[in-house]
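This report is meant for a reader who is meeting the structure for the first time.

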Amino acid sequence: MIYNEGKLGFAQIGNEKLTLINDQISDYDDLIVYKGQPCVINKWGQIFRINSSLELVPFSPPIGFGCRKNLIECCGELYVVDRYLDVNQQDQTSLKIHVRNASFNFFRRHPLRRRRIYETDQPKAIDFKVYKLGDEELGGRWVEVKSLGDQAFFLSVDCCFSVLAAELEGCKGNCIYFTDSNDISFALKELIRSDGSVFSLEDHSINWLSSSPVYSQMFWPLPA
């Protein structure tokens, strides 16, 4: 899990405390299990595999200059979504997200101190860039993706995934659905309550989910 301003840690069943991995570094943004292996991305966009010895093995070059990066698997391929916020470039580089991608169940069992940053002036997303990883066997290379086609990406603090838009009523393809919240307790709730936003890769527009009643059909009523 990633917690406490980007630290990377792990725990086994029965453990009361987290064990830090690479405890000198605190700049990780997201985790994913890709092709059976846990992978982590840092704020510079470089991906590392976590091997059985808890060593970080790099398998991609850095990418992007945004503030927050999310990993998503779509149709068997690995993508990075790079989020740009409405802060200046210096703040963009130094801004840290306090609680990211930790297990809901782990928080229930082990309540950690959680903070919401920028309560009244929280940075908002103003743009996204999407990259796809290729040539993994040769050290990896990034290809910028201009369109997601019929796919849509969903970004929350604890959960990122892709869907085929046609299979989710009210969902529009070639879009990224997201929340600006950094608090694990509120982020997914904001999406479900339609307090989140949607970004279109076609024209780079951002709209509130609540601005269209069609979007609310994605979450309520719950599908059978």
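## A charge over a ring

A charge is taken to sit over a ring if NZ of Lys or CZ of Arg is within 6 Å of the ring centre and within 35 degrees of the ring normal. In this predicted model, arginine 49 lies over the face of phenylalanine 59, at 3.9 Å from the ring centre.

## Overall make-up

The protein has 224 residues, of which 46% are buried, and its secondary structure consists of four helices and 16 strands. Among the contacts between residues at least 6 apart in sequence, 53% join residues that are at least 24 apart. The accessible surface amounts to about 11900 Å², and carbon and sulfur atoms account for 51% of this area.

In soluble globular proteins, nonpolar side chains tend to be buried together. Here the largest nonpolar core has 17 residues, and those that touch the most other members are Val81, Phe128, Val130, Leu148, Phe153, Leu155 and Ile176. At least two residues of this core come from each of the strands β8 (68-74), β9 (77-85), β10 (125-134), β12 and β14.

## Aromatic rings

A pair of aromatic rings is described by the distance of the centres and the angle of the planes. The structure holds five aromatic pairs, and one of them, formed by phenylalanine 154 and tyrosine 177, is stacked, with 4.7 Å from centre to centre and 10° between the planes. Because phenylalanine 154 belongs to strand β12 (residues 151-155) and tyrosine 177 to strand β14 (residues 175-178), the pair ties together parts that are 23 residues apart in sequence. Both phenylalanine 154 and tyrosine 177 are buried. Elsewhere, Phe128, Phe178 and Phe199 form one aromatic cluster.

Strand β12 also holds glutamine 151, which is buried at a relative accessible area of 15%, where the cut-off for buried is under 20%. Leaving aside neighbours within four places in sequence, glutamine 151 is in contact with Cys74, Cys75, Ser162, Val163, Leu164, Gly173, Asn174 and Cys175.

## Salt bridges

In one of them, the side chains of lysine 69 and aspartate 82 meet at 3.2 Å, N to O; the pair links distant parts of the chain, with lysine 69 in strand β8 and aspartate 82 in strand β9, 13 residues apart. Lysine 69 and aspartate 82 are both buried.

Lysine 132 and glutamate 77 also meet in a salt bridge, at 3.6 Å from N to O, and since lysine 132 lies in strand β10 and glutamate 77 in strand β9, the pair ties together parts that are 55 residues apart in sequence. Lysine 132 is partly exposed, with a relative accessible area of 26%, and glutamate 77 counts as partly exposed at 31%. Lysine 146 forms a salt bridge with glutamate 144, and the closest N and O atoms of this pair are 3.3 Å apart. Lysine 146 counts as exposed at 61% relative accessibility, whereas glutamate 144 is partly exposed, with a relative accessible area of 35%.

Definitions and conventions. Residues numbered from 1 in each chain as written. Predicted model: local features only at pLDDT ≥ 70, side-chain atom pairs only at ≥ 80, totals over all residues. Heavy atoms only, no water. Phe/Tyr/Trp six-rings, centres within 6.5 Å; stacked < 30°, edge-to-face > 60°. Buried < 20%, exposed > 50% of the residue type's maximum accessible area, 1.4 Å probe, protein only. Contact = heavy atoms within 4.5 Å. Core = buried A, V, L, I, M, F, W, Y, C linked by side-chain atoms within 4.5 Å. Areas by Shrake-Rupley, 256 points an atom, 1.4 Å probe, with all protein chains shown as cover. Salt bridge = Lys/Arg side-chain N within 4 Å of Asp/Glu carboxyl O.
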